[in-house]
Amino acid sequence: MTIQSMGVCLLSVIAAAMVATAPHSAVAANYDESKVPVYQLPPLLKAADGLEIRSASDWTEQRRPEILKLFRTEVFGIAPAAPETVSFRVDKIIENSLNGIATQKEVTVFFSKNEQGPKMRLLLFIPNNQRSARPAFLGLNFNGNHTVHRSPKISIPSSWVRNNKTTGVTDNRATAKSRGTASNRWAVDKIVKRGYALITAYYGDIDPDFDDSFQNGVHALFHSPNEKPAPNEWGSIAAWSWGLSRALDYLVLDSTIDHERVALLGHSRLGKTSLWAGASDERFALVISNNSGCGGAALSRREFGETVSRINHSFPHWFCDNFQHYNDHVNSLPIDQHMLIALSAPRPIYVASATDDQWADPKGEFLAAREASSVYALFGFKGIEATEQPPANTPIGDRIGYHLREGKHDVTDYDWDQYLNFADRHLH
Ligand code: GCU
């Protein structure tokens, strides 16, 4: 080796080391399909002991529990069982809401005996003049229940709320200024007119979405002050999912709602949450992931748009600490996100992407949803048969639904139309 080539060699070693240690934000995200690495997904239909999974019972008894456990201990973290101390109080009933087509209700879910402690307020819109208990959509919201509809009768959360120009929140306290600011994402009238109830709660009631070492929200009920959850214990997504299960505990007691026909819906980080809530609580009848991306429906091994490393650096509180081990070793993850989707089988599940939401890797979301179809086949159901991602605004699939909507990272009326059609097909 000449001195010159030794110099070049040394420089490239230094450059490689700099890339490896550079903060993730210094390395541009990959949006180039030709740069997606060659990868092999962990198999859905082969158990850890090598057994081929050939039947629904092999899946239910052997493969599903082992995959569920891996997501619990390596990705989202183990959440505690429902405490016996949870209680519910119906606070408000307005019978002629939405110009008379719905009954609006508010219910407080107390997570402990202490009424001043963490609690979540559910907002329900239930169709009027129905002879039977209603199927429902249940989804968490980002900025408070009062943002989903402009009705002045919806209570404003008292818990910590993110400062935000659209909602006019400047000191982490919500005010009446933000009424209805998220109503474009919640097609309340449409949902009710189609015969479904809509139930929502503010996610920050369950766990405020910032990295505070889990000193507030429901974590504080289960860990002593200054004690962090263990590396395999729940982060915020697992806490929000836990809260959704507590909401369902209430719905079981409400005779106006058919608790066996509750569809979970979540957007973005809350789409990751609905996937995990549906996987960990099989009482949910249908699961919808809207633009959930990394840690949600998108395959991690594609490393397209947001990656495991980026998400763990930007949002270290969302997942359990064990997930950090895979930041630079995504191929050693024992799971990938097709398995998260498959955990909902045989229940109907819908994955939606948007063309301008490349950060969430629409193609990776499609591929994961398609891969999960092999598990649905064990139950005699068709998932997604298409091998290519469909063009924009072309919903496909049977028991697994998928669409790529034209437009940005958001929940639109178009998305709701597809979810309502899908729920009509599978919940009636
Ligand atoms: C960020 C984050 C995503 C997340 C999104 C959201 O963009 O990187 O993972 O889905 O926020 O929740 O809005």
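Me: How much space lies in the largest pocket?

Reply: A pocket is an open set of points on a 1 Å grid over the protein atoms alone, where a 1.4 Å probe fits, with protein on both sides within 12 Å along at least five of seven lines. Here the largest pocket holds about 650 Å³, a volume being the space filled by probe spheres set on the points, which are joined across faces, edges and corners. This is a predicted model, in which local features need pLDDT of at least 70, side-chain atom pairs count only at pLDDT 80 or more, and totals for chains, interfaces and linings use all residues. Residues are numbered from 1 along each chain as its sequence is written, and side-chain values use heavy atoms, with hydrogens and water left out.

Me: Which residues of the lining lie nearest the centre of the largest pocket?

Reply: Lining residues have an atom within 4 Å of a point. There are 37 in this case, and F142, R185, H267, S268 and H409 lie nearest the centre.

Me: Which polar side-chain atoms lie by oxygen atoms of the ligand?

Reply: A polar contact is a pair of N or O atoms within 3.5 Å. For S268 the distance to a ligand oxygen is 2.7 Å, for R269 it is 2.5 Å, and for W359 it is 2.9 Å.

Conventions
Polar contact = N/O pair within 3.5 Å; in protein donor to acceptor, adjacent residues only side chain to side chain.
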